[in-house]
Amino acid sequence: MPKLAAFPKAFMQALCKEGTMTVSEWIQLASKLDVQGLEWYAGFLEMADEKNWPCFRKEVEDTGKVIPMMCCSPDFTHPDAAFREKEIAKQKRWIDMTHTLGGSYCRVLSGQRRPELSIDEGVKLAADSIYACLPYAQERGITLIIENHYKDDFWEYPEFAQKMDVFCKLVDAVNHPNFGVNYDPSNTYLAGEDPVELLKRVSHRVVTMHASDRYLAEGTIEDLRKEEGGAMGYAKRLRHGEIGKGLNDYDAIFSELKSKGFDSWISIEDGVDGMEQLARSVEFLKKKIAQYWPQ
């Protein structure tokens with residue numbers, strides 16, 4: 001049966017930029033949620049000091065929860081080899097961070113979709129960089145998970161592997177027991193594509209999932225798909241919303257995952273309108289999990 005984790009989607013600026021919320025405050029807020037884990041983010045300001053890592057693990061475990069997965073954003077498609085080596089070194093530090101926190105899954109991305117980069121070049125740069133990290137991850141019992149992503153908050157360009165065909169090509173290029181997919185259905189809308197179609201193409205490689213939901217604030221899905229790479233649509237048309245009330249078909253998603261034997265972590269990226277919203281999303285997902293994975 002899948003397990004639920006929560007991610008502080010509503011508090012990323014406060015935790016990562018402004019310092020107006022402490023990690024301990026987030027842990028205490030999340031301790032009241034009926035979930036088994038907290039997904040971590042490498043960019044929390046307080047994570048810069050490695051002495052904090054074991055302390056935060058203990059704080060989370062003292063609430064009866066664990067830290068199963070780490071969210072981070074390496075940029076592996078830069079044309080400069082020295083830049084990529086620095087990104088590989090950063091990823092290895094994030095693997096260490098995940099290991100110290102007691103986690104099993106650490107996110108990788110492809111990198112930025114730089115205009116001068118061909119698809120074949122980008123796939124090779126990203127795959128080679130991921131392969132450079134995999135032995136390090138395997139030694140520490142960590143699985144690297146690649147997400148069908150839109151754009152890191154602090155990047156200039158969207159994700160190189162944002163589009164389904166490119167993402168699938170990159171996933172196919174990396175075959176290793178410590179590598180899999182972190183599936184995010186909402187991000188597929190930002191590429192102007194169908195989340196269930198993508199899932200069916202990669203479901204045999206999915207090892208973790210982000211649960212979120214989006215709704216159209218204006219216009220139609222067709223309007224969204226006409227817009228360049230989904231980037232403008234992300235800004236104008238789509239909003240994060242309560243899970244179960246947006247565009248995602250969780251019956252189709254969970255049916256497909258169940259058919260492939262999925263029983264891992266689902267991390268909730270929600271709560272932009274408050275902790276009560278996040279709690280309602282938890283309840284929705286718990287009911288759906290019970291429906292598709294009956295005890």
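**Pockets and core**

In this predicted model, 14 residues line the second largest pocket, and those nearest its centre are Tyr41, Ser73, Lys90, Trp94 and Asp152. The volume of the second largest pocket is about 250 Å³. Helix H4, residues 81–101, gives the most to this lining, with four residues. By class, the lining of the second largest pocket has eight nonpolar, two polar and four charged residues.

The largest pocket has a volume of about 350 Å³. Its lining has 25 residues, and Lys9, His149, Lys151, Asp153 and Glu269 are the closest to the pocket centre. Two elements give two or more residues to this lining: helix H1 (12–18) and helix H7 (185–190). The largest share, three residues, comes from H1. The lining of the largest pocket divides into nine nonpolar, seven polar and nine charged residues.

The largest nonpolar core has 82 residues, and Trp26, Trp40, Leu144, Met209 and Phe254 have the most contacts inside it. Helix H5, which spans residues 119–139, gives the most to this core, with eight residues. Apart from this core lies another one, of five residues, including Met69, Tyr105, Ile145 and Trp265.

Trp40 can be followed in detail. Leaving aside neighbours within four places in sequence, Trp40 is in contact with Phe7, Val23, Ile27, Met47, Phe56, Val60, Ile67, Met69, Met70, Cys71 and Leu101. One of these contacts, Met69, is also a member of the five-residue core.

Technical notes. Residues are numbered from 1 along each chain as its sequence is written. This is a predicted model: local features need pLDDT of at least 70, side-chain atom pairs count only at pLDDT 80 or more; totals for chains, interfaces and linings use all residues. Side-chain values use heavy atoms; hydrogens and water are left out. A nonpolar core is a set of buried Ala, Val, Leu, Ile, Met, Phe, Trp, Tyr and Cys residues joined through side-chain atoms within 4.5 Å. Buried means under 20% relative accessible area, exposed over 50%, partly exposed in between (1.4 Å probe, protein chains only). Contact means heavy atoms within 4.5 Å. On a 1 Å grid over the protein atoms alone, a cavity is a set of points where a 1.4 Å probe fits but cannot get out, and a pocket is an open set with protein on both sides within 12 Å along at least five of seven lines; lining residues have an atom within 4 Å of a point. Grid points are joined across faces, edges and corners, and a volume is the space filled by probe spheres set on the points. Ala, Val, Leu, Ile, Met, Phe, Trp, Tyr, Cys and Pro count as nonpolar, Asp, Glu, Lys and Arg as charged, and the others, Gly among them, as polar.
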